[in-house]
Amino acid sequence: MKKSNSALIESIILSVIVLGCTWTLAIKYPSLGTGLLGINWLYISIFFLFSLHLTEIIMTIYLHRGESHRAVKFHPAVTHFFRLWMWLTTGISRRRWVAIHHLHHKYTDTEKDPHSPVIFGLRNMFFYGIEITHLSMNNEMVRNFNDIRDNDFLEKHIYEKYSDKGPFVFLFLEFLAIGIWAVPVWSAQMIMETFIATFYVNGIAHTKGYTNFEVDNTSKNVTRLGIFACGEELHNNHHANPASARFSFRNDEFDLGWFYIRKLQSLKLATVRKNRI
């Protein structure tokens with residue numbers, strides 16, 4: 001992981017420089033520190049938690065269950081909102097993410113698995129999880145994968161082509177709203193999203209927990225209450241039947257993602273293909 005160590009050091013140095021410049025500007029030009037909406041830490045905290053939670057919801061019910069496994073399909077208006085919000089807050093390519101996830105299920109916990117703690121180690125999943133995932137971008141299947149829904153003009157010319165630019169648009173919008181304080185708020189969201197996806201789900205969920213099903217991999221249910229990652233904690237259940245839109249199985253298990261899918265279904269904004277393991 002020598003190359004990863006170098007990349008990590010470069011990222012830390014760049015972050016320090018960026019933060020130093022922003023705080024210098026805030027001290028020299030106080031008006032930059034408030035933005036159009038001013039500073040209210042209660043509202044900022046609520047927005048931060050809501051924004052992070054909404055991103056986790058979309059990642060699991062749309063990108064994972066909907067696009068990767070085709071277990072659920074959403075109304076076009078809902079889908080467009082999901083795609084826009086995901087572009088703004090994650091910086092990922094939907095096409096590449098789906099392809100990498102297919103690799104994960106096809107080669108779980110083998111050397112071809114793009115993000116298995118069995119192969120890379122849990123410690124490396126914590127420190128270099130995002131870089132480990134990026135390594136799989138060079139995989140031929142990932143490069144050539146095109147089997148995604150709604151592969152339209154927006155996808156090809158904005159969401160896919162400029163997938164890494166969305167979060168900076170989001171930062172700019174936050175900066176207009178709350179000024180220089182957008183930097184730590186935005187940074188915290190990016191860090192938490194990465195932690196949940198690359199370490200908590202890809203790492204912990206293949207290392208710690210219990211199992212309901214015997215599968216040919218190390219997938220675990222981290223906890224019975226799938227709330228923090230909106231149901232992704234019930235990973236063993238998911239690996240037992242990836243085609244199911246519902247990740248909970250036992251009566252004492254709760255899948256928050258399934259709760260939201262059911263609500264959207266009741267509003268005729270979602271169609272579930274399969275909901276039982």
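Helices α3 (76-90) and α8 (153-159) each put at least two residues into the lining of the largest cavity. Helices here are DSSP runs of H or I with at least four residues, and strands are E runs of at least two, numbered from the N terminus. The model is predicted: local features need pLDDT of at least 70, side-chain atom pairs count only at pLDDT 80 or more, and totals for chains, interfaces and linings use all residues. Residues are numbered from 1 along each chain as its sequence is written, and side-chain values use heavy atoms, without hydrogens and water.

**Cavity and pocket**

On a 1 Å grid over the protein atoms alone, a cavity is a set of points where a 1.4 Å probe fits but cannot get out; a pocket is an open set with protein on both sides within 12 Å along at least five of seven lines; lining residues have an atom within 4 Å of a point. Points are joined across faces, edges and corners, and a volume is the space filled by probe spheres set on them.

The whole structure holds one cavity of 30 Å³ or more. α3 gives the most to the lining of the largest cavity, four residues. Arg-83, Met-86, Trp-87 and Thr-90 are among the lining residues, as are Glu-155 and Tyr-159.

The second largest pocket draws two or more lining residues from each of α2 and α9 (166-178). α9 supplies the largest share, five residues. Tyr-43, Phe-47, Phe-170 and Glu-174 are among those lining this pocket.

Classes in the table: Ala, Val, Leu, Ile, Met, Phe, Trp, Tyr, Cys and Pro are nonpolar; Asp, Glu, Lys and Arg are charged; the others, Gly among them, are polar.

| Space | Volume | Lining by class |
|---|---|---|
| Largest cavity | about 70 Å³ | four nonpolar, two polar, three charged residues |
| Second largest pocket | about 250 Å³ | nine nonpolar, two polar, one charged residues |

**Helix α2**

The axes of α2 (residues 41-68) and α12 (residues 256-266) come within 10 Å and cross at roughly 80°. That makes the two helices roughly perpendicular, a label for angles of 65 to 115 degrees. Axes are lines fitted to C-alpha atoms, for helices over the stretch in contact, with angles from 0 to 180 degrees between N-to-C directions.

In α2, His-53, Ile-57, Ile-61 and Arg-65 meet residues of α12 including Trp-258, Tyr-260 and Leu-264. Contact means heavy atoms within 4.5 Å. The contact has seven nonpolar, two polar and one charged residues.

**Record**

An unreviewed UniProt entry places "transmembrane region" at residues 7-29, 41-63 and 168-186. Residues 41-63 are 100% helix, with end C-alpha atoms 31 Å apart. Residues 168-186 are 84% helix, with end C-alpha atoms 9 Å apart.

Note on methods
Parallel < 35°, antiparallel > 145°, perpendicular 65-115°, else oblique. UniProt positions renumbered as here; feature names shortened; annotations may be inferred.
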